[in-house]
Amino acid sequence: MKSINLLAKILLAAMLSAFGVFALAGCGGSASGDDTKNMVYGSPESKMSMEPASGPLYEGAALSIAPEVKPAPNATEHRVRIDVNHADVIVNDTIKFVGWVFGGAYPGPVLHVRQGDKVYFKMTNRSNETVGISPPSPHSIDFHAAMVNPKDKYREVIPGATIEFEWTANYPGVYMYHCGSPAILQHMIYGMVGMTIVEPKDGYPTKVDREYALFQSELYLAKLKSGMYVTDMATAKKKEPMFVCFNGQPFRHVKEPLKAKAGERIRLYILNAGPCGTSSFHVVGTLFDRVWMEGHPQNEMRGAATIMLPSSGGAIVEFVVPEKGIYTFVDHEFADVEAGAAGLIDASGDEVAMK
Amino acid sequence: MRQRHHRPFFFFLLTILLFAPTSAGGQQLGTDSLKNNSIDRCGNLKSVNAPIINPISPTSSEEIPSRKEKLIVSGSKGTAYFFLGSLCPCTDAHKHSIMELMSLAPKKNVKLVAVFPNKGESVELIEHFFKGVGFKLNYLVDSTNRLVKRFGAKKTPEVFLIDEKGRVVYSGPIDDSVENLGQIKNAYLKNAVLDLAEGRPVSVPRAEGSGCWIVRNR
């Protein structure tokens with residue numbers, strides 16, 4: 001009888017313990033729990049109007065131009081405006097082409113928010129303001145970070161029209177946005193690409209001394225007999241870029257190195273916008289202490305030398321600058337380096353990071 | 001007394017002549033075409049004696065004379081005029097439909113002609129454009145926008161299909177693939193060509209589609 005009672009007590013204790021474990025596992029956003037219950041899927045129908053636009057081509061505290069990454073604003077809702085316009089894109093001292101861009105910049109502005117934040121987005125197609133450069137064309141936007149009905153939110157915006165819609169950033173990550181109007185490849189090679197950073201609600205698990213956005217993209221151009229450069233669908237379809245860029249220009253960060261100090265911990269938000277190729281990202285002289293694929297800390301690798309990014313794929317890498325020096329970063333698919341996919345991190349100064 | 005009886009009839013006849021329908025069997029054309037005197041009272045595009053400018057010799061296609069253009073190719077059942085822009089991305093979405101038509105149209109005795117009307121258009125850009133899209137049509141450079149005005153074209157791509165009498169029997173997009181995320185539910189131009197070739201009224205004479213604005217020279 002006593003042994004049966006003891007057995008019953010042990011069984012009861014085991015059941016209660018098991019119940020406790022399951023109950024705890026159901027709480028909060030741990031890796032083993034379900035954190036989707038707080039996510040917001042979809043949003044109210046988008047609005048289209050012929051509201052005229054004026055003023056800057058982008059507005060919003062959550063926006064910056066790469067390589068700068070402004071901190072995500074202390075707010076859970078962000079009003080963001082990124083307009084589309086047609087403008088000359090400067091490739092280097094001798095080459096430019098007529099581009100179609102977001103926010104007047106190639107690549108478009110970096111949008112930085114937190115997981116769970118709501119983005120109230122507005123975009124005017126201002127291609128009708130520059131008829132002398134390129135015929136006004138319909139455009140659209142596709143936010144990879146958003147979970148919405150594409151047929152409603154990413155629909156065509158005719159020249160002069162404005163679209164407004166909202167979306168919620170459900171997952172942390174480094175995501176692409178681009179024009180989704182056909183032919184999408186053509187809109188992308190014309191320059192209609194940009195980056196969204198969604199950081200975890202409670203921030204990243206590590207602290208860094210500095211951070212930069214690095215946006216890799218390909219330029220498909222042809223030089224006409226007149227000397228004019230134009231985008232080239234023929235070479236784009238063959239995946240033969242004329243240039244491969246970090247932050248919009250080939251060898252840009254060779255001419256304008258990113259700054260760092262010996263001993264600092266650096267975070268890079270990297271996105272391979274393609275539109276056609278992959279990227280094998282590597283920094284010469286160090287290893288990545290952390291790699292978060294797609295920019296999500298739960299997709300972690302340690303000690304990587306090179307990370308593979310698909311077209312439209314992003315990641316966050318963190319590394320320590322081991323000593324004073326110049327560190328080259330490349331797309332290790334070396335044909336891309338020849339085409340311009342290389343840059344420098346200049347830690348050659350005498351200053352060292354404070355411990 | 002007899003003159004008085006003739007007057008009502010005279011005024012009746014005058015009224016009929018002045019207010020005759022502007023469309024007879026084809027699609028009613030826009031007011032721009034009426035103002036330009038490019039259509040007759042029955043709604044037919046005026047055809048004249050000069051042959052269509054040979055688009056293979058681009059240097060001869062820079063100007064389209066205002067009164068001597070023959071818009072119907074002799075002996076054909078119809079002609080489709082594609083208004084295109086070398087810097088406009090919208091044509092690429094329809095390239096498969098256009099290539100299908102390039103195969104179908106000759107069998108139905110329908111001619112296909114591209115018209116490039118934008119300000120700043122050049123042979124160099126047009127040749128580059130065709131290389132990018134992967135097909136090539138006979139083309140005209142409408143540098144004075146005469147064809148734009150005659151047809152009332154507003155965007156690129158936009159197509160006007162005319163029959164052997166010069167009447168516009170279809171105008172609008174090539175198909176509705178842009179509106180349907182790449183799926184063609186209505187092959188507007190192909191169906192119009194088939195209707196025309198087989199002597200039927202065109203079932204959808206007018207459709208709306210998206211495209212780039214035409215940037216006129218004048």
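**Close-up views of a predicted two-chain model**

**View 1. Secondary structure of chain B.** Chain B is built from six helices and seven strands. The coordinates shown in this and the following views are those of a predicted model. Read from the N terminus, the elements of chain B follow the order α-α-β-α-β-α-β-α-β-β-β-α-β. Chain B has 218 residues, of which 41% count as buried. Taking contacts in chain B between residues at least 6 apart in sequence, 70% link residues at least 24 apart.

**View 2. Contact between chain B and chain A.** Chain B contributes 18 residues to this contact, and chain A contributes 23 residues. On the side of chain B that touches chain A, helix 4 (123-133) and strand 7 (212-213) of chain B each provide at least two residues. Helix 4 of chain B gives the largest share of that side, with five residues. Sorted by class, the side of chain B that touches chain A comprises ten nonpolar, five polar and three charged residues.

**View 3. Overall layout of chain A.** Chain A holds six helices and 25 strands. Along the principal axes, the C-alpha atoms of chain A occupy a box of roughly 100 × 55 × 40 Å. Of its 355 residues, 46% count as buried. For contacts in chain A between residues at least 6 apart in sequence, 73% connect residues at least 24 apart.

**View 4. The two domains of chain A and their contact.** The domain assignment divides chain A into domain 1 (40-199) and domain 2 (210-347). The centres of domain 1 and domain 2 of chain A, taken over C-alpha atoms, are separated by 22 Å. In the contact between them, 26 residues come from domain 1 of chain A and 33 residues from domain 2 of chain A. On the domain 1 side, strand 6 (96-102), strand 11 (173-178), helix 3 (184-189) and strand 12 (193-199) of chain A each supply at least two residues. That side of domain 1 of chain A consists of 21 nonpolar, four polar and one charged residue.

**View 5. Nonpolar cores.** The largest nonpolar core contains 92 residues, and those with the most contacts inside it are A:Val174, A:Met195, A:Ala213, A:Ile270, A:Ala315 and A:Val317. Domain 1 (40-199) and domain 2 (210-347) of chain A each place at least three residues in this core. Another core, of 46 residues, lies apart from it and includes B:Ile98, B:Ile162, B:Ile174 and B:Tyr188.

**View 6. Surroundings of A:Val317.** Leaving aside residues up to four places away in sequence, A:Val317 touches A:Leu268, A:Ile270, A:Phe288, A:Arg290, A:Val291 and A:Ile307. A:Val317 and A:Ile270 are both among the residues with the most contacts inside the largest nonpolar core.

**View 7. An open five-stranded sheet in chain A.** Five strands of chain A, in the order 17-25-24-19-22, make up an open sheet with mixed pairing. Strand 17 (258-259) and strand 22 (306-309) of chain A are at the edges and have a single partner strand each, so one side of each is left without a neighbour in the sheet. In general, strands of a sheet pair through backbone hydrogen bonds, in either a parallel or an antiparallel manner.

**View 8. Pairing of strand 19 with strand 24 in chain A.** Strand 19 (residues 279-283) and strand 24 (residues 325-331) of chain A are paired in the antiparallel sense over three bridges. A:His282 has A:Val330, in strand 24 of chain A, as its bridge partner.

Key:
Residues numbered from 1 in each chain as written. Chains lettered and ligands numbered in written order. Predicted model: local features only at pLDDT ≥ 70, side-chain atom pairs only at ≥ 80, totals over all residues. Core = buried A, V, L, I, M, F, W, Y, C linked by C-beta atoms within 7 Å. Buried ≥ 20, exposed ≤ 12 C-beta atoms within 10 Å, placed from the backbone. Domains from an automatic or database assignment. Contact = placed C-beta atoms within 7 Å. Helix = DSSP H or I, 4+ residues; strand = E, 2+ residues; numbered from the N terminus. Nonpolar A, V, L, I, M, F, W, Y, C, P; charged D, E, K, R; others polar. Pairing = 2+ DSSP bridges.
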